[in-house]
There are 2 protein chains.
Amino acid sequence: MLRQGALALAALALAAPGVAQDAVRSPGEIVATAPSRDWVTIAPQDLLVMTLAPDAEGNARKVVIQLIGAPFSQGWVDNIRTLAKAKYWDGMAILRVQDNYVVQWGQPDPGMGIAEKPVPDGLKVMSKQDYTADFAQGMFGRIYDSGGPRDEEEYVRPPMRIVTSTSYTTPDPYTDAWGFSAGFPIAMDLVNGRRKGAITTVPANAWPVHCYGMVGVGRGNPPDTGDGSQLYAVIGHAPRHLDRNLAVVGRVVDGIEHLSSLPRGKGPASYYADPAKRVPIVSVRLAAELPKGERPHFEYLATDSDSFAQYVDARAHRRDPFFVTSADGADICNIPVPIRAVAAE
Amino acid sequence: MLRQGALALAALALAAPGVAQDAVRSPGEIVATAPSRDWVTIAPQDLLVMTLAPDAEGNARKVVIQLIGAPFSQGWVDNIRTLAKAKYWDGMAILRVQDNYVVQWGQPDPGMGIAEKPVPDGLKVMSKQDYTADFAQGMFGRIYDSGGPRDEEEYVRPPMRIVTSTSYTTPDPYTDAWGFSAGFPIAMDLVNGRRKGAITTVPANAWPVHCYGMVGVGRGNPPDTGDGSQLYAVIGHAPRHLDRNLAVVGRVVDGIEHLSSLPRGKGPASYYADPAKRVPIVSVRLAAELPKGERPHFEYLATDSDSFAQYVDARAHRRDPFFVTSADGADICNIPVPIRAVAAE
């Protein structure tokens, strides 16, 4: 084992107060006892509620999606709000379920034997440059460097607070560095830059990551980037080769099982060959457009909080009694951001 | 972007003949045109056939598992063959389905309201040391180094042929290096050693990785290591914190959808709270114990073949027309080993 375990833990204790005392708490315990100030309410404007037809036993099926915030995928997210307000998806269906990959719904592709439905006016058109965001626009919590050994460095560029850290063994096969921004997993490129007069590496641009449960925008071959009328959710191992190739617009915060446990399609690319297998979509609405009594309420654990830092540490260094060996590392998609349902006010 | 893309491709072309000409072939095309000599038959002794009760529409449900070969998890795999021959699992059930995690079946835990069934005599007892194998016992194809930049090195220790390579940007958050052995994804530790008289790093021990579809052995808290009577299959993002903590004994090669699309359990840890939801297991048999006409036949793409090297390259460097940006990297669990069903002889 070539890693510097003891050194790594010391560096972490510095970065995340309270970790030393929490050495034996499981990730679940840390989340369960996080103070209420560390939880962030998801605004009704950012929640999309998809109601599917009831299942064979008559049980209701609702899938709730949190739309991603600025500066990520804003053109597509604007379009999705426009489409939801136009009730665009009502009466459409789940079209594709591919095992260990995606569930796809909405605007049918040409040749599927379904009439194309015109999209509402005013949808924005994005380019491939919009798959990434200028890093300077973002506000991040801690960033985990995927490069080689390097001293811990801190960049302070209001309103950002960034800590690159080697306190975890967190290399990433897909990118230079990663972190979490406003509750979403984010990857980024590093470029050479200046800090306190010295040449160093700084983040250049950033993009949301295709982890389990993330929602993206279907499209044709480039230069098409999709308008948001056809969406998919990841239901398998993170297909991160899709990062920067398709727009990530949010993630499922409740009801993923109503997508992930659907029968797999038997047609090409796992589209349903039999139209009768397609699950009907009753409606898709922004929570903000629902009557107050029908709105769902969710919170996420603030990804720039000490609780979240302790949770990341506990995911990377498993100390629960069940474990005999800690990996002393974790990949970004094996650190799901904790979400909880809360009662209406 | 700090990576050395052009250099990386040059190094790869050296390592994998034919890649240069295949620059625009997709992973699927490479697999579809791989010569028959690059496919390996899975022996009937290594195939486990689990027949579940038919689904609500009366469709048959068979799950086929390839058991892992030496030197990995041999005690547990021996037990599984013993249990199958004793028809141990016949009449048992799927007990647990947890979204983005595992499906679990077989021997019920105490307190589940199911009578415990005695296991057959002669099961082996393993220790936590058996979660890993001495690297020297294994035979590997190419190994992808997860460490920092290093020159390409080749170790030749018959019967091993190992190439550590920086031709892919393949760091791994969980371990020092990774590769594939006899069709299975394998992680390993590196330690300092000697090569041609010079100090260098060499693999020390190795273990199979919890990727999507892998099958492992349920257990209680340590020092219990499980006897193989309770099994699980991964149906979500690779839970690699389980590596070296539970025994990986194989992977599903056919019928994973009969597990992954089951309704999620609503009890603690997603066990089925309602016993009526448990899917009955009709039988579990080694293919070698089935009449010849009933045996399934599968092959995997030899992981030490040039075809497989080209496939890995194409997964890491996406050049299909659908893609606009290549990650120039891939994680071990996003490189599923290709499997195909073949007709009986």
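## A residue with positive phi

In chain B of this predicted model, B:Ala182 sits in the loop that runs between strand E10 (177-181) and strand E11 (184-195). Helices (H or I, at least four residues) and strands (E, at least two) are DSSP runs, numbered from the N terminus. B:Ala182 is not a glycine, yet its phi is positive, at about 50°. The residue is buried, with 20 other C-beta atoms within 10 Å. A residue is called buried if 20 or more other C-beta atoms lie within 10 Å of its own, exposed if 12 or fewer, and partly exposed in between, with the C-beta atoms placed from the backbone.

A:Asp328 also has a positive phi, near 55°, and is a residue other than glycine. Its place is the loop between H5 and strand E18 (339-341) of chain A. A:Asp328 is buried, and 20 other C-beta atoms lie within 10 Å.

## How the model is described

Residues are numbered from 1 along each chain as its sequence is written, and chains are lettered from A and ligands numbered from 1 in the order in which they are written. Because the model is predicted, local features need pLDDT of at least 70 and side-chain atom pairs count only at pLDDT 80 or more, while totals for chains, interfaces and linings use all residues.

## Confidence

The pLDDT is the predictor's confidence in each residue, from 0 to 100. Chain A has a mean pLDDT of 82, and 79% of its residues reach 70 or more. Over residues 1-22 of chain A the pLDDT is below 50, and the model gives this stretch 37 contacts beyond near neighbours in sequence. Residues 145-169 of chain A also have pLDDT under 50, with 58 contacts beyond four places in sequence. Where pLDDT is low, the predicted coordinates should not be read in detail. For the model as a whole, ipTM is 0.88 and pTM is 0.88.

## Chain A and its domains

Chain A contains 5 helices and 18 strands. Of its 345 residues, 50% count as buried. Two residues are in contact if their C-beta atoms, placed from the backbone, lie within 7 Å. Among the contacts in chain A between residues at least 6 apart in sequence, 70% join residues at least 24 apart.

Chain A is divided into domain 1 (5-38 + 133-208 + 302-320) and domain 2 (40-125 + 210-299); the bounds come from an automatic or database domain assignment. Contacts between the two involve 12 residues of domain 1 and 11 residues of domain 2. On the domain 1 side, E11 and strand E12 (198-208) of chain A each supply at least two residues. E11(A) gives the most to that side, with 3 residues. By class, the side of domain 1 that touches domain 2 has 9 nonpolar, 3 polar and no charged residues. Here Ala, Val, Leu, Ile, Met, Phe, Trp, Tyr, Cys and Pro count as nonpolar, Asp, Glu, Lys and Arg as charged, and the others, Gly among them, as polar.

## An enclosed helix

Helix H5 (residues 306-316) of chain A is largely enclosed by the rest of the structure, because 10 of its 11 residues are buried. Among these buried residues are A:Phe308, A:Tyr311, A:Asp313 and A:Arg315.

## The nonpolar core

A nonpolar core is a set of buried Ala, Val, Leu, Ile, Met, Phe, Trp, Tyr and Cys residues joined through C-beta atoms within 7 Å. The largest one has 172 residues, of which A:Val103, A:Val249, B:Val103 and B:Val249 touch the most other members. Leaving aside neighbours within four places in sequence, the contacts of B:Val103 include B:Ile94, B:Tyr232, B:Leu259 and B:Leu262.

## Two cis peptide bonds

In chain A, a cis peptide bond with omega about 0° joins A:Ala70 and A:Pro71. A:Pro71 belongs to the loop between strand E3 (61-67) and helix H3 (74-85) of chain A. In chain B, the peptide bond from B:Ala70 to B:Pro71 is cis, and its omega is near 5°.

## How the chains meet

Chain A is superposed on chain B by a rotation of 180° with 0.0 Å of shift along its axis (RMSD 0.0 Å). This is the relation of a two-fold axis. The superposition is by least squares on the C-alpha atoms of residues with pLDDT of at least 70 in both copies.

The contact takes 50 residues from chain A and 50 residues from chain B. Strand E11 (184-195) and helix H4 (257-260) of chain A are the elements that give two or more residues to the chain A side. That side has 22 nonpolar, 16 polar and 12 charged residues. The copies meet through the same surface, because 100% of the interface residues of chain A are also interface residues in chain B.
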